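Below are my notes on what I looked up.

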Amino acid sequence: MDELIEQIRLATQALAEFSVHLFNPTIRLGVTGLSHAGKTVFITALVHGLVRGGRFPVLEAMATGRIARAYLAPQPDDAVSRFDYENYIDALAAKRLWPASTRQISELRVVVDYQSLNGYQRTLTLDIVDYPGEWLLDLPLLTKSYEEWASESLRLSRQLPRADLAKHWHQHLATLDPNAPEKEQEALTAARLFTEYLKACRAKNYAMSLLPPGRFLMPGELANTPALTFAPLDLSTEGPPPPGSLWAMMRRRYESYRTVVVRPFFRDHFARLDRQIVLVDALAAINAGPDALLDLQHALDQVLDCFQMGRRTLLSALLRPRIDRILLAATKADHLHHTSHDRLETILKRLTQNSTAKAELAGAQVDVIALAAVRATREAMVRRGRQQLPCVLGVPVAGETIAGEIFDGETEAAIFPGDLPEDPDELLDTEKKSFRGLSTMSSQNADFRFLRVRPPFLELTDSGVFALPHIRLDRALQFLIGDWLE
Ligand SMILES: Nc1nc2c(ncn2[C@@H]2O[C@H](COP(=O)(O)OP(=O)(O)OP(=O)(O)O)[C@@H](O)[C@H]2O)c(=O)[nH]1
Ligand SMILES: [Mg+2]
């Protein structure tokens, strides 16, 4: 009898929680993107806009005054750091500094009190997670064996421009016999040289994207552990590896990496998402050249494949098939004159067309947008000879160069970044390599130059808070949470 009562009590409680969720839902918003894509800036601007009332005319609930208030609340996961919103916004507004690269996972909860379209008082709870973008590249490792990963990494490293950057590592690799007895020193050197190669590929001039494992570039608390002391080997024989061999050791550590690092990260984070925004810095790749752009496409394909609502993949056990909306966003659109924003959007559509089609097949709604979470430039037409060029005005960060001039971080400049083509295939043609980037050219001769600029001077709104200017951030929010605020 007691048991029956207990069961009824649990069932009633579950039902109550369910109806609370129905009317006052909690949404986990995944802000996904490779390193430097703009995740931390996006989250900061989104939270500031909601909590301090940003200029969001396209976010219908806000534009029509149905949002009573939005505020920060204690986050649900006790073991995760809090997203350092106050410091980020202070650095942006008062010091005009962007946040530093993210080194660990963090989380923030925003609660929105609003009136539903039919007049009821409701609450939407939004949980947002930030993490180092490098870690995203671990996602595809979940479905790859050590041997598959090693052969793929080697194949990539033999293509240009990577091959030039991989020389030291390749020289060492040639001295290793995978079937010989394991030696810790060999593993240490291989891991160090492989990491140096990954770092060189990431440098601005090359801007390669596909650089797993993520913790090699951003180790977090795992620096110098055996779980990070492995590297690809040149394997000519089929497995299994001889017991006690270098190969067996590398394989064992790769498996530990997947168990200790990759699986928990996905279980605790990606598997719990309801909605996703995938941020993509296409401009950094265009800056570097055709190889970087193709590499970005390759990386996005691999990452987005894993979000394929997981039905046919091994991930199905990990990912709840419930992500019903995915927004793909090309960030930093303020580097371009508005006449080129649609072209940037078209480029991202082209870059992601394969994965988008698959996600749509799996039932998710997908949209593509070009946005700037924080607009750091103004626009101007600048006369050069007889031509009028659509330029952006901004303060390049100290050290950026254009035509031999080195900027000091204080001086404003008119920047003509180059005209994006109407047809994205012109950029993505593998054979023709139709444009020149920093990986093969000096900055004077490159076809596109997107300079990093400092955050803008901020104006105070009538109510005395900073308004962060943006481009289409409100459109992104309307797509991501607009329907939950109806
Ligand atoms: N002009 C402009 N620059 C931006 C914007 N968002 C990001 N940036 C630039 O991009 C850089 C990286 O942005 P973050 O938000 O730190 O990128 P992230 O995805 O968090 O990167 P990791 O933490 O390294 O994974 C910043 O330092 C800025 O230079 C934007 O909206 N406009
Ligand atoms: Mg970050």
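I began with Val 382 and looked for its bridge partner in β10, which is Leu 389. This is a predicted model: local features need pLDDT of at least 70, side-chain atom pairs count only at pLDDT 80 or more, and totals for chains, interfaces and linings use all residues. Residues are numbered from 1 along each chain as its sequence is written, chains are lettered from A and ligands numbered from 1 in the order in which they are written, and side-chain values use heavy atoms, with hydrogens and water left out.

**Sheet.** I counted the bridges between β9 and β10 (residues 387-394): there are 7, and the two strands run antiparallel. Strands here are DSSP runs of E of at least two residues, helices are runs of H or I of at least four, and both are numbered from the N terminus. Two strands pair if DSSP finds at least two bridges between them. I then followed the open sheet, which has 3 strands in the order β9-β10-β13 with antiparallel pairing. Its edge strands, β9 (378-384) and β13 (413-415), each pair on one side only. I noted an average twist of 45 degrees from one strand to the next; axes are lines fitted to C-alpha atoms, and angles run from 0 to 180 degrees between N-to-C directions.

**Glu 107.** I found Glu 107 in strand β4 (residues 106-115). Is Glu 107 buried or exposed? Glu 107 counts as buried because its relative accessibility is 1% (buried is under 20% relative accessible area, exposed over 50%, partly exposed in between, with a 1.4 Å probe and protein chains only). A polar atom of its side chain lies 3.5 Å from the backbone nitrogen of Asp 77. Leaving out residues up to four places away in sequence, Glu 107 touches several others, among them Arg 28, Gln 75, Phe 83 and Ile 128 (contact means heavy atoms within 4.5 Å).

**Helix α4.** In α4 (residues 85-95) I listed Tyr 85, Tyr 88, Ile 89, Ala 91, Leu 92 and Ala 93 as buried. Their cover includes α2 (39-51), β2 (67-73), β4 and β15 (466-467). After α4 comes Arg 96, with a positive phi near 55 degrees.

**Ligand 1.** I checked the 22 residues around ligand 1; Lys 39, Thr 40, Ser 101, Thr 102 and Gly 133 come nearest (a residue is near if one of its heavy atoms lies within 4 Å). A polar side-chain atom of Thr 40 is 2.8 Å from a ligand 1 oxygen atom. A backbone N or O atom of Val 374 lies 2.9 Å from a nitrogen atom of ligand 1.

Note on methods: Polar contact = N/O pair within 3.5 Å; in protein donor to acceptor, adjacent residues only side chain to side chain.
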